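Please keep the sequence and the model at hand while reading.

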Amino acid sequence: LTFPLVSVTLLVSFGSSMLYGYNLAVVNSPAEHIKAFYNATWSQRFGHGLGPAPLTLLYALTVSIFALGGLGGSLLVGVLVERYGRNGALSRSALLVLLAGGFMGFSRELGSPEMVIIGRSITGIHSGICLSVVPLYLGEIAPKNLRGFLGLMPSIFICLGVFSAQVLGLPELLGKDRFWPLFLSVVVVPASLQLLLLHCFPESPRYLLIERNDVCGATKALHRFLGSPDVQDVIEEMKEEQRSLSSMEMVSVWQLLRERSVRWQTLSVAVLNAGMQLSGIDAIWFYTNTIFENAGIPVSQIPYTTMGTGAIEVVAGLIGCFTIERVGRRPLIITGFCAMGVCSAGITISLLLNVPSQAALPWMRYVSVVCVVGIIAGFCMGPAGVPFLMTAELFMQSHRPAAYIVGGSLNWLCNFTIGLIFPFLQMSAGAFCYLVFCGVCLLVALYVYLVIPETKNKSFMEISHIFA
């Protein structure tokens, strides 16, 4: 590990991945304040307030529009990384956060709920770009024996982002009614730092050599990132990949989906990315307070209980990051999905046994908390970061951007779907809605066990040969 390698990993994780986690959880604690603002604005405009169902729908749109923006951002990844490179794409995406922060920060002053929704959609575009570009960039600059460790670093910062939103959302800090616009627009701080400092670091050596044929630039970048004067072996490996791709241009999404030689890699990326969101993790993050309230946790204790779950997920992310190079990718992701499936079933059982009746078991509310913690910990230990890392590892340079578009699009589409329908699914199915997530988690774990090989300490060429 060299100083430039560590620095750029921390910078892009802090300025991009952390914002994704923050925006996932930031709408949780000020939900009632935002709904009150929407209702008051509607009354001023039309002379009457919103009913419960339209208000729920408008707030669900505010939550889920972030994912719809993310879907749009993921579709831009291929164009951005090809035109501006990995570093350049991240720098340009940071400008979007400054714009979004302005919309959300001044929304109440201007009496405009539309500005909150637009701001959330723009932060979604930024996260859609960064959620693919950050692991792509880190996967290409890291030596293969550290690719797993550095590749999971963004997932730790996603957890830190969620935890930061939970801490700042406490009633003693920005959880008050008058502070929620500031709470939503805090994202401009890490984005500004990334914008100022990212130009100090070189572009991905693989991008420079394979796509731009800049051997000199790639060599200088490797010297900085690896801290070694002898990088000839790495250069030769990249040249071998370049020669194997010499007759092939960068493939489009349509070409990727039609190409039989990578169909299992493509299917694996689709299953992992869709499974991440359909596992129910976003329902947990978006609606943690509601879940705890339904479980019977006193309202005054919910913000602190939620913050405790955030601290545990950071610890789980660290465990995954520091064990991935020892145990491999498959055990982490299989264990994570299995834990999430079991805990989803546990939430259903605990809610059913805690109904207001003489036979109720009050201590089951704490089982609900434990199961929520288990879902988040299982997710942060493996499924949070490994699918993005494996997308970089399963494909050659020519297919990688298209693979990230496919994976990112499915990821965000499922994220949007869960964010929008979960409140209504919860109202209609009650405690049984978590059994859907249980089934998804166990099926994804089974697929990984049967289909996806271990990729630890293997070059991109070797992984391609394993699938072939």
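In this predicted model, Glu114 counts as partly exposed because its relative accessibility is 37%. Glu114 forms a salt bridge with Arg45, with 2.7 Å between the closest N and O atoms, and Arg45 is likewise classed as partly exposed because its relative accessibility is 43%. The count of salt bridges comes to 6.

**Salt bridges**

- Arg45 belongs to helix H2 (residues 31-46) and Glu114 to helix H4, so this pair ties together parts that lie 69 residues apart in sequence.
- Arg86 forms a salt bridge with Glu211, the closest N and O atoms being 3.1 Å apart, and because Arg86 sits in helix H3 (residues 52-105) and Glu211 in helix H8, the pair ties together parts that are 125 residues apart in sequence.
- Arg86 and Glu211 are both buried.
- Glu237 forms a salt bridge with Arg206, with the closest N and O atoms 3.9 Å apart, and the pair links distant parts of the chain, Glu237 being in helix H10 and Arg206 in helix H8, 31 residues apart.
- Within this pair, Glu237 counts as partly exposed at 25% relative accessibility, whereas Arg206 is buried with a relative accessible area of 5%.
- Through salt bridges that share partners, Arg86, Glu140, Glu211 and Arg400 are joined into one network.

**Second largest pocket**

- The second largest pocket holds about 270 Å³ of space, and of the 17 residues that line it, Ala142, Pro143, Lys144, Val234 and Glu237 lie nearest its centre.
- Two or more lining residues come from each of H4, helix H8 (205-211), helix H9 (215-226) and helix H10 (232-244), with H10 giving the largest share, 4 residues.
- By class, the lining of this pocket divides into 9 nonpolar, 2 polar and 6 charged residues.

**Cavities**

- The structure holds 2 cavities of 30 Å³ or more, and the largest cavity has a volume of about 70 Å³.
- Among the 13 residues lining the largest cavity, the closest to its centre are Leu131, Pro135, Pro154, Ile158 and Phe388, while helix H4 (113-141), helix H5 (147-168) and helix H18 (386-394) are the elements that give two or more residues to the lining.
- The lining of the largest cavity has 9 nonpolar and 4 polar residues, and no charged residues.

**Nonpolar surface patch**

- Ile349, Leu352, Leu353, Phe432 and Leu435 make a nonpolar surface patch of about 440 Å².
- Leu353 lies in the loop between helix H16 (329-352) and helix H17 (364-381), and counts as partly exposed at 37% relative accessibility.

How values were computed:
Residues numbered from 1 in each chain as written. Predicted model: local features only at pLDDT ≥ 70, side-chain atom pairs only at ≥ 80, totals over all residues. Heavy atoms only, no water. Patch = residues over 30% accessible without salt bridge, like charges linked within 9 Å, V, L, I, M, F, W, Y side chains within 5 Å. Areas by Shrake-Rupley, 256 points an atom, 1.4 Å probe, with all protein chains shown as cover. Salt bridge = Lys/Arg side-chain N within 4 Å of Asp/Glu carboxyl O. Buried < 20%, exposed > 50% of the residue type's maximum accessible area, 1.4 Å probe, protein only. 1 Å grid on protein atoms, 1.4 Å probe; cavity = no way out; pocket = protein on both sides within 12 Å on 5 of 7 lines; lining within 4 Å. Points joined across faces, edges and corners; volume = space filled by probe spheres on them. Nonpolar A, V, L, I, M, F, W, Y, C, P; charged D, E, K, R; others polar.
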